[in-house]
Amino acid sequence: VEGATRSVSMGVSMFLDEIVRAFYTQHGLTINHEQAVQIFDEGHIIILDEPYSVRGMDEILAPYVAQISSMIDGFFENLPKKPEVGIVGGGGALALKGRVSLRYKLHIAQNPDMANAVGYWHYGTNGIR
């Protein structure tokens, strides 16, 4: 287990900045990161009783997903022993759920505070042979 952990900033703020920029380009209105997260999660926000969305979300997300996928795959490949499953948590990881294809099995923890605990649970129940 030692050496098999890593904490990395996944740059979710850059992805949110892209949503903010696309929203401004498409609608001429300024939104904040909280509203960008809502658009990402729910597909739209309501402003003055009108729904607004962002077209091309997959294209906006693609470079971010490619960067994160490469980072995760690279981490697995540099481990001395390949684990059966990797555990990730945090806002950037949640953005990947259902959107990323990796070469390794990955569990995305809903609660980032629990990511280490879930990892050790997997290790304790499956890793000892």
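The model is predicted, so local features need pLDDT of at least 70 and side-chain atom pairs count only at pLDDT 80 or more, while totals for chains, interfaces and linings use all residues. Residues are numbered from 1 along each chain as its sequence is written, and side-chain values use heavy atoms, leaving out hydrogens and water.

**Overall fold**
- The chain has five helices and four strands; these are DSSP runs, numbered from the N terminus, with helices (H or I) of at least four residues and strands (E) of at least two.
- Starting at the N terminus, the order of elements is α-α-β-β-α-β-α-β-α.
- Of contacts between residues at least 6 apart in sequence, 51% join residues at least 24 apart; a contact means heavy atoms within 4.5 Å.

- Buried residues account for 29% of the 129 residues, where buried means under 20% relative accessible area (1.4 Å probe, protein chains only).

**Aromatic rings**
- Searching the whole structure turns up four aromatic pairs, meaning rings of Phe, Tyr and Trp (its six-membered ring) with centres within 6.5 Å.
- F15 and F40 form an edge-to-face pair because their planes stand at 85 degrees, with ring centres 5.1 Å apart; edge-to-face requires planes over 60 degrees apart.
- This pair joins distant parts of the chain, as F15 sits in helix α1 (residues 12-27) and F40 in helix α2 (residues 33-42), 25 residues apart.
- F15 counts as buried at 3% relative accessibility, and F40 counts as buried at 12%.
- Ring pairs also link F15, F40 and Y64 into a cluster.

Definitions and conventions
Rings of Phe, Tyr and Trp (its six-membered ring) pair if their centres lie within 6.5 Å; planes under 30 degrees apart count as stacked, over 60 as edge-to-face and the rest as tilted. Buried means under 20% relative accessible area, exposed over 50%, partly exposed in between (1.4 Å probe, protein chains only).
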